[in-house]
Amino acid sequence: MFPESSTDYGYEACKATADWLLEHAPVRPLVGIVCGSGLGGLADMLKDQKFFSYSEIPNFPKSTVHGHAGRLVFGNLKGKPCVCMQGRFHLYEGYSIQKITMPIRIFKLMGVETVILTNAAGGLNQDYKVGDVMIIKDHINMPGFAGNNPLCGQNDDRFGIRFPCMSDAYDKEMMQLAQKVGNELGYSHFLKEGVYCVLGGPSFETIAECRMLNRLGADAVGMSTVHEVIVARHSGMRVFALSLITNKAVMDYSSEEKANHEEVLQTGEQRSQQLVKLVSTMVSRMTHPNDFKL
Ligand SMILES: O=P(O)(O)O[C@@H]1C[C@H](O)[C@@H](CO)O1
Ligand SMILES: Nc1nc2[nH]cnc2c(=O)[nH]1
């Protein structure tokens, strides 16, 4: 049913990769950032950069999706050591769910305390417009309903507990900070807060599926992030996540609109500067551990 499991994502494999990276990286990162489709420009905000192509990192999967460069970038952001995934992995690429989330465990083992995730998503909420940025306050894990959760399999206590809580997955103080920074930057008119629903992809949703998801309480739909959030929370990292609404989910049978990846990448490019400003200002205000200037 799911791609063949393998053990090249376990604690030892993650530790070996984290140690290799720390040996070669210029900084020990406190903040880990994951760039969504078309949002790789976020990595450009790092100063004194050093990057690694995924293909040169031992045990790392390879990016296969257009708009995901496939580079791990280290650097400083307003004096904070960061690591940025310029491209993530998705279930539909054929990797196991444990493999696509392995970089998050590598973040943890490198010393990352806060993970900031971004994605491109379809807007289900009828009040949302293309170009809106949604602060994720909660998620619906559809693959999880069918038993595809990244924590399936034997639990490794060195990462976290068997049954982690997810009702506090998205850090409330980080969400408040995002609202405050968004206000200051004049972004309030496109800043929303809502529920993200993950599906397996890669096909976009049917009209009936979009209507159903909207009725179930989802404001945006996508193909990523939630697996990474679960793994990050399992190992005790603080999580903040944003969706860029790159297209409106088609909910009406008379509509001629069709979701497509080109539109997703184009919207990413158009909002890139503002997302960089929002995230970089937030990072500059964060202190570690769990204490920041509001
Ligand atoms: O990595 P994200 O979630 O931003 O990518 C979204 C979902 C698909 O991979 C792709 C569809 O256009 O964008
Ligand atoms: N599943 C899904 N993922 C997306 N990523 C960007 N837009 C969409 C969308 O409409 N649906």
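User: In this predicted model, at what angle do helix 5 and helix 8 pack?
Analyst: Helix 5 covers residues 172–185 and helix 8 covers residues 261–285. Their axes are 10 Å apart. The packing angle between helix 5 and helix 8 is about 120°.

User: Is the crossing of helix 5 and helix 8 left-handed or right-handed, and which residues make the contact?
Analyst: Helix 5 passes helix 8 in a right-handed crossing. On the side of helix 5 the contact uses L177, A178, V181, G182 and L185. On the side of helix 8 the contact residues are K277, L278, T281, M282 and R285.

User: How many nonpolar residues does the contact of helix 5 with helix 8 have?
Analyst: Sorted by class, the contact of helix 5 with helix 8 has 2 polar and 2 charged residues. The nonpolar residues in this contact number 6.

User: At what angle does helix 1 pack with helix 3, and how is that angle classed?
Analyst: Helix 1 spans residues 11–24 and helix 3 spans residues 102–110, with their axes 9 Å apart. The angle between helix 1 and helix 3 is about 60°. That makes the arrangement of helix 1 and helix 3 oblique.

User: Which residues join helix 1 to helix 3, and how many of the contact residues are nonpolar?
Analyst: Helix 1 passes helix 3 in a right-handed crossing. Helix 1 contributes C14, K15, T17, A18, L21 and L22, and helix 3 contributes M102, R105, I106, L109 and M110. By class there are 1 polar and 2 charged residues, and the nonpolar count is 8.

User: Which element gives the largest share of the shell around ligand 2?
Analyst: Ligand 2 is surrounded by 15 residues, the closest being A120, G122, G222, A259 and V264. At least two shell residues come from each of strand 5 (114–123), strand 8 (220–222) and strand 9 (238–248). The largest share, 3 residues, is from strand 5.

User: How many residues in the shell around ligand 1 are polar?
Analyst: The shell around ligand 1 holds 13 residues, with G36, S37, N119, S224 and V264 the closest. Strand 5 and helix 8 are the elements that give two or more residues to this shell. By class the shell has 4 nonpolar and 1 charged residues, and its polar residues number 8.

User: How many nonpolar residues does the shell around ligand 2 have?
Analyst: By class, the shell around ligand 2 includes 5 polar and 1 charged residues. The nonpolar count for ligand 2 is 9.

User: Where is S37 in the fold?
Analyst: S37 sits in the loop between strand 1 (31–34) and strand 2 (47–53).

User: Which peptide bond is cis?
Analyst: Most peptide bonds are trans. P202 belongs to the loop between strand 7 and helix 6. With omega near 0°, the cis bond runs from G201 to P202.

How values were computed. Residues are numbered from 1 along each chain as its sequence is written. Chains are lettered from A and ligands numbered from 1 in the order in which they are written. This is a predicted model: local features need pLDDT of at least 70, side-chain atom pairs count only at pLDDT 80 or more; totals for chains, interfaces and linings use all residues. Axes are lines fitted to C-alpha atoms, for helices over the stretch in contact, and angles run from 0 to 180 degrees between N-to-C directions. Helices (H or I, at least four residues) and strands (E, at least two) are DSSP runs, numbered from the N terminus. A crossing is left-handed if the near helix is turned anticlockwise from the far one by less than a right angle, and right-handed if clockwise. Two residues are in contact if their C-beta atoms, placed from the backbone, lie within 7 Å. Ala, Val, Leu, Ile, Met, Phe, Trp, Tyr, Cys and Pro count as nonpolar, Asp, Glu, Lys and Arg as charged, and the others, Gly among them, as polar. A residue is near a molecule or strand if its C-beta atom, placed from the backbone, lies within 6 Å of it. Angles under 35 degrees count as roughly parallel, over 145 as roughly antiparallel, 65 to 115 as roughly perpendicular and the rest as oblique.
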